[in-house]
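Me: Hi! I have a model open here and would like to talk through a few spots in it.
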Amino acid sequence: MKVARTTAGGSLELAEAPEPPIKTGEALIELVYCGLCGTDLYKLADAGRTPGEVLGHEVVGRVIASRADSLAPGDRVIAPHHAPCGDCRLCRSGAETMCSRFAENLLDPGGFSERLRLKARAVQRTVRKLDDGLANEAAAFVEPAACVLRGIDRAGLVGDAPEVVVIGAGSMGLLHLLVLRAVFPGARVVVAEPAPERRAMALELGADSAAPPAEAAGMARRNLPEGGADAVFDTAGGQRAFELALEVTRPGGHVVLFAHATGDARVTFDINAVFRSERQVIGAYSGSPAEQTRVLKLLHEGALDPTPLVTHRLPLDRAAEAVELCRRREALKVLLHP
């Protein structure tokens with residue numbers, strides 16, 4: 001079968017790989033779509049990564065063989081790649097994404113593949129059959145939207161109309177906007193983004209206002225009451241974004257960090273800007289099966305439609321092109337297919 005695997009140069013290349021055999025409790029699916037994620041781009045940029053890995057984890061597929069009672073050939077499924085154990089102290093405390101077993105990849109070889117094996121724990125805990133009414137393109141967003149939803153939950157937003165700033169209008173920043181609108185229809189959302197075309201798209205997708213980062217603080221002060229935003233979601237990362245996040249957050253508000261950083265990345269900040277104002281800085285790393293279930297409900301109800309973020313649909317043999325489109329910021333969301 002064909003796979004798109006990592007190269008030593010930090011890209012993807014088409015290659016042949018053996019079809020993985022399935023064991024008891026597992027299933028084999030053929031790929032329908034797999035989204036190219038910012039995490040994939042982050043991993044490709046890691047010079048220390050061993051080439052030959054098959055990435056991809058935003059998977060929609062169709063079962064072609066099953067040794068699991070819950071799945072049958074023909075079933076259309078989503079297949080998130082991580083699952084908590086559900087029993088450890090971290091899982092019981094609500095920190096499922098920190099579970100020691102959560103990091104295990106339950107897809108073999110990975111989503112950028114014509115066919116892939118779903119391991120038994122994935123079948124038991126994360127794989128879900130899809131109703132006919134849900135489009136494949138929308139289903140491909142279940143895993144990333146669940147990550148966003150978990151961060152929104154951690155932001156402690158209350159009431160029907162929270163005041164929010166989203167820093168960055170890439171695919172994940174705009175997905176934050178869409179999920180916020182789905183969960184808090186009355187929210188007032190300001191987007192900070194340097195690219196004018198992406199600011200325009202943020203407005204089209206429901207942002208109340210959008211501005212370049214240098215102007216975002218003034219816009220937030222004009223448009224958001226009570227001294228700033230209840231929560232700021234930093235999807236850009238780095239020193240300047242962090243400083244802006246603190247500047248536009250109201251006293252007692254939350255700054256949610258939702259961006260990868262290099263292994264040695266650091267930021268500095270005014271301690272009193274956090275201490276005296278009781279601002280909270282928190283991380284949001286991934287999503288659990290519970291958030292995935294809630295995202296599916298939002299999709300089925302029509303409250304969430306992430307498909308406007310899809311700018312390209314490319315076959316696996318154009319995976320390297322997909323990477324370059326994203327790196328040049330010429331694509332928002334690329335879905336790869338066989």
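Me: Where is the place of Arg 222?
Reply: Arg 222 sits in helix 8, residues 213–223; helices are DSSP runs of H or I with at least four residues, strands are E runs of at least two, and both are numbered from the N terminus. This is a predicted model, where local features need pLDDT of at least 70, side-chain atom pairs count only at pLDDT 80 or more, and totals for chains, interfaces and linings use all residues. Residues are numbered from 1 along each chain as its sequence is written, and side-chain values use heavy atoms, with hydrogens and water left out.

Me: Is Arg 222 buried or exposed?
Reply: Arg 222 counts as exposed because its relative accessibility is 62% (buried is under 20% relative accessible area, exposed over 50%, partly exposed in between, with a 1.4 Å probe and protein chains only).

Me: And how many Å apart are Arg 222 and His 57?
Reply: They are 40 Å apart, C-alpha to C-alpha, and 165 residues apart in sequence.

Me: New topic: what about Thr 6, buried or exposed?
Reply: Thr 6 is buried, because its relative accessibility is 3%. Thr 6 belongs to strand 1, residues 2–6.

Me: Which residues is Thr 6 in contact with, leaving aside neighbours within four places in sequence?
Reply: Among them are Ser 11, Leu 12, Leu 44 and Thr 50, where contact means heavy atoms within 4.5 Å.

Me: Last one: where does Phe 275 lie?
Reply: Phe 275 is in helix 10, residues 271–275. Phe 275 is exposed, because its relative accessible area is 59%.
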